[in-house]
Amino acid sequence: ARGATGKMKHTLLLFAVVLLAPLARLYSAEPKPNVLLILSDDHSYPHVGCYGNQDIMTPHLDRFAAEGIRFDRAYVTSPQCVPSRASIFTGRSPVAIAMSRFSAPLPREIKTYAEALRAAGWFTGVAGRMYHLDGANVNVAESQTVFDRHKLVTFPDRLDYVKTGSGSEAGLAQFREFLDLKPAAKPFFLQLCSNDPHRPLNTHGPVKHDPAKITLPSHYPDTQLVREDFARYYDEIAHFDVFFGEVMAELEKRGLAANTLVAFMGDNGASQFRGMGTL
């Protein structure tokens, strides 16, 4: 959305402001803002250039932060993707909504803020990497039977558009399809998820970050294998940064940027360096 100066106002690593700003305008005469929440996967704040990392290549995210708001005290509710994403969608603790296990589906009676936006006239969706709230094991035959019997898969009922895919190319294609399907008179909400930099750390062409030149955190052993692992991790983040830039360019191309609130955050921290826990 544009402020008094006419400059674009973005948010970085933020959830609450993106939620509260459009809700505050539900009953105003102003055009309703679009809301785009972009999530990277297993990604922490020290691993973005704008947070002081001089090794990592994130020019699009750094520009985004410079033009908007960078949050230095934003926290997730859990170091694991499913409970953390459940909190992001509901604003509630994982324990309070029975989402403390990795394979849990979000109970149908627990409402999400996307549903509130949909009821108020927004075209809503989720796209890109699996959003994790309809059960992680639904593709296992025994689990599928139980999920079907008890109607545990709920997001196709909650939102207008629900698609998942692996890789930035699939996510970008779904983003464009979502915008093509959006009714012209409606604002939109979309949670757009990326696989990067989740393991496995797939290289995207030649390695961009030189293992010999990066600065390791002081608590890591300085070995060649650790350096190579960090370099591949940084390459994944650089790949995500390109995807992020393409998404922002698509908003500009379609004339949607001026009235779109954009937020970026990591879903649950850099778990590839510490393992995951269920709390």
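Me: Which residue does Arg 85 meet in a salt bridge at 3.0 Å, N to O?
Reply: The model is predicted. In it, a salt bridge joins the side chains of two residues, with N to O at 3.0 Å. One is Arg 85, and its partner is Asp 267.

Me: How many residues apart in sequence are the parts that Arg 85 and Asp 267 tie together?
Reply: Arg 85 sits in helix α3. Asp 267 belongs to the segment after β7 (260–266). The pair therefore ties together parts whose separation in sequence is 182 residues.

Me: Is Asp 267 buried or exposed?
Reply: Buried means under 20% relative accessible area. Asp 267 has a relative accessibility of 0%. So Asp 267 counts as buried.

Me: What is the relative accessible area of Arg 85?
Reply: The cut-off for buried is under 20%. Arg 85 is buried. Its relative accessible area is 0%.

Me: How far apart are the closest N and O atoms of Asp 41 and Arg 85?
Reply: A salt bridge needs a side-chain nitrogen of Lys or Arg within 4 Å of a carboxyl oxygen of Asp or Glu. Asp 41 and Arg 85 form such a bridge. Their closest N and O atoms are apart by 3.1 Å.

Me: Where in the chain is Asp 41, the partner of Arg 85?
Reply: This pair links distant parts of the chain, 44 residues apart. Arg 85 is in helix α3 (residues 81–90). Asp 41 is in the loop between β2 (34–40) and α2 (59–67).

Me: Which residue forms a salt bridge with Arg 118?
Reply: The closest N and O atoms of this pair are 3.0 Å apart. Arg 118 supplies one side of the bridge, and the other comes from Asp 160.

Me: How many residues apart in sequence are the parts tied together by Arg 118 and Asp 160?
Reply: Arg 118 lies in helix α4 (residues 113–119). Asp 160 lies in the loop between α6 (155–158) and β5 (161–162). The pair therefore ties together parts with a sequence separation of 42 residues.

Me: Is Asp 160 buried, partly exposed or exposed?
Reply: Partly exposed falls between the buried limit of 20% and the exposed limit of 50%. Asp 160 has 32% relative accessibility. So Asp 160 counts as partly exposed.

Me: How many disulfides does the count come to?
Reply: A disulfide requires two cysteine sulfur atoms within 2.5 Å. Cys 50 is buried at 15% relative accessibility, and Cys 81 is buried at 4%. By the distance rule, the number of disulfides is 0.

How values were computed
Residues numbered from 1 in each chain as written. Predicted model: local features only at pLDDT ≥ 70, side-chain atom pairs only at ≥ 80, totals over all residues. Heavy atoms only, no water. Buried < 20%, exposed > 50% of the residue type's maximum accessible area, 1.4 Å probe, protein only. Helix = DSSP H or I, 4+ residues; strand = E, 2+ residues; numbered from the N terminus.
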